[in-house]
Amino acid sequence: MTFSLGGYAQTEGTDPAADVQRVADYWASLEITSRIVSKPVPVVFGSGGPVNAISFSTAPTYAISVGGICVPGNPFDYYDDDYRAPSPTP
């Protein structure tokens, strides 16, 4: 049980690499582990903390994409390996 969300905006800054670093620093405060890729365009990828995966890209426009868990706890606990359909009620 997960969700995903994306958003796009016009490029705002004159220094995309600095903006990517600013995003990575903020994510660190949320306990999201991130890695920055500089080429061909500055992008930061993250995971952990409150998300499964998140990314912030600077081209062709600024864009963010995120996926996370939408239920508390471990979502795999909601699956039952021994699931059997209930018997029909007469």
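Reply: This is a predicted model. Start with the order of elements. Along the sequence the protein chain runs β-α-β-β-β-β. That gives 1 helix and 5 strands.

The part to look at is strand β4. It spans residues 51–57. Strand β4 is mostly covered, with 5 of its 7 residues buried. Of the 90 residues in the protein chain, 26% are buried.

Now the neighbour in sequence. Strand β3 covers residues 43–48. β3 and β4 pair in the antiparallel sense, over 5 bridges. To find one of these bridges in the view, go to Gly 46. Its bridge partner in β4 is Ile 54. The two strands form a hairpin, and 2 residues sit between them. Look at Gly 49 in that turn. Its phi is positive, about 60°.

The search for aromatic pairs gives a count of 1. That pair is Phe 56 with Tyr 62. The ring centres are 5.2 Å apart.

For contrast, turn to the helix. Helix α1 takes in residues 16–29. Asp 19 and Arg 22 both lie in it. They are 3 residues apart, about one turn of the helix. Arg 22 and Asp 19 form a salt bridge. Their closest N and O atoms are 2.8 Å apart. A search of the whole structure finds 1 salt bridge.

The two partners differ in cover. Arg 22 counts as exposed because its relative accessibility is 54%. Asp 19 counts as buried because its relative accessibility is 12%. The limits behind those labels are over 50% for exposed and under 20% for buried.

Last, step back to the whole chain. The protein chain exposes about 6700 Å². Carbon and sulfur atoms supply 57% of that area. Then there is the reach of its contacts. Take those between residues at least 6 apart in sequence. Of these, 41% join residues at least 24 apart.

Back to the strand you asked for. β4 is mostly covered, it pairs with β3 in the antiparallel sense, and the two form a hairpin with Gly 49 in the turn.

Methods: Residues numbered from 1 in each chain as written. Predicted model: local features only at pLDDT ≥ 70, side-chain atom pairs only at ≥ 80, totals over all residues. Heavy atoms only, no water. Helix = DSSP H or I, 4+ residues; strand = E, 2+ residues; numbered from the N terminus. Buried < 20%, exposed > 50% of the residue type's maximum accessible area, 1.4 Å probe, protein only. Contact = heavy atoms within 4.5 Å. Areas by Shrake-Rupley, 256 points an atom, 1.4 Å probe, with all protein chains shown as cover. Salt bridge = Lys/Arg side-chain N within 4 Å of Asp/Glu carboxyl O. Pairing = 2+ DSSP bridges. Phe/Tyr/Trp six-rings, centres within 6.5 Å; stacked < 30°, edge-to-face > 60°.
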